[in-house]
Amino acid sequence: MLKLYIGNKNYSSWSMRPWVLMQQAGIPFEEVKVRFDGFDPASDFKTTMDRVSPVGKVPVLVDGNLAVWDSLAIAEYAAERFPDKALWPADRAQRARARSLCAEMHAGFGQLRSLCPMNIEAHLPEVGARLWAEHEGLRQDVARLVQMWRDALERQPESSLLFGDFSVADAFYAPVCMRLLTYALPLPADIAAYVARVRQLPGVCAWVDDALTECDFRDFEEPYRKAR
């Protein structure tokens, strides 16, 4: 069986992407959670992950003797390994758009990612309001999200996901949806509705339920709180 190495579900946005993708698609895998205890070379986390992949980070998908690291590479591998799951849109143009959205998430949205780290258990609307007022880059990142999501959704039937059926793109933006909810960042109604649909996906619900039961406060992942 495939093994997926992940970090803490409350904090690890990159781990969430392939986990939700495979869970939602019904791809069987064994979860191996490696607790965040720090990221220096002597930490248990780094010691464990250095034995699994050359970069020593999560996520990592292990299939026999093959280790696939990086969330986008894992998504592509899963799509090739399980073509019947239709993880990318069937239409070539839609598939290209979906890959473009994933690549943009992979490389962009630096202000959103740095200022609003994923923290599923937390509810930080006051922090979100302050960050929104103080950081133009954050507002620009959210404006770009609104633009790209609206463009994709307008091509689909009402109440759909980004490319109609669930795809890699929705899995890739699931942690972004969680950030938007945690920090209560302002969204137009149609985009807030998409966020709500992603939040209700069974794969996302399963991840969130696990995150809420972790009770593992990691101070180095918490720029805005001193305790849970």
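Residues are numbered from 1 along each chain as its sequence is written, and side-chain values use heavy atoms, with hydrogens and water left out. As the model is predicted, local features need pLDDT of at least 70 and side-chain atom pairs count only at pLDDT 80 or more, while totals for chains, interfaces and linings use all residues.

Four strands, written E2-E1-E3-E4 in their order, form an open sheet with mixed pairing. Helices (H or I, at least four residues) and strands (E, at least two) are DSSP runs numbered from the N terminus, and two strands pair if DSSP finds at least two bridges between them. Strands E2 (29–33) and E4 (66–69) stand at the edges with a single partner strand each, so one side of each is left without a neighbour in the sheet. On average, neighbouring strands of this sheet are turned by 20° against each other, direction ignored. Such axes are lines fitted to C-alpha atoms, for helices over the stretch in contact, and angles run from 0 to 180 degrees between N-to-C directions.

As a reminder, strands of a sheet pair through backbone hydrogen bonds, either parallel or antiparallel. Both kinds can be found here. E1 and E2 pair in the parallel sense over 5 bridges, with leucine 2 opposite phenylalanine 29 in E2. Together, E1, H1 and E2 make a right-handed β-α-β unit; right-handed means that, with the strands pointing away from the viewer, the path from the first strand over the helix to the second runs clockwise. E3 (residues 60–63) and E4 run antiparallel and are joined by 4 bridges, and leucine 61 stands opposite valine 68 in E4. These two strands form a hairpin with 2 residues between them, where glycine 64 in the turn has a positive phi of about 65°. Helix H3 (residues 71–81) lies across E1 (2–6), E3 and E4, at about 130° to E4; contact means heavy atoms within 4.5 Å.

Two backbone details deserve a look. Most residues other than glycine have a negative phi, and most peptide bonds are trans. Phenylalanine 109, in the loop between H4 and H5, is not a glycine but has a positive phi of about 60°. Valine 58 and proline 59 are joined by a cis peptide bond with omega about 0°, and proline 59 is found in the loop between H2 and E3.

On a 1 Å grid over the protein atoms alone, a pocket is an open set of points with protein on both sides within 12 Å along at least five of seven lines, a cavity is a set where a 1.4 Å probe fits but cannot get out, and lining residues have an atom within 4 Å of a point. Grid points are joined across faces, edges and corners, and a volume is the space filled by probe spheres set on the points. The largest pocket is lined by 25 residues, with Ser12, Trp14, Lys57, Val58 and Pro59 nearest its centre. The search of the whole structure finds 1 cavity of 30 Å³ or more. The largest cavity has a volume of about 50 Å³, and its lining includes Asn10, Tyr11 and Glu121.
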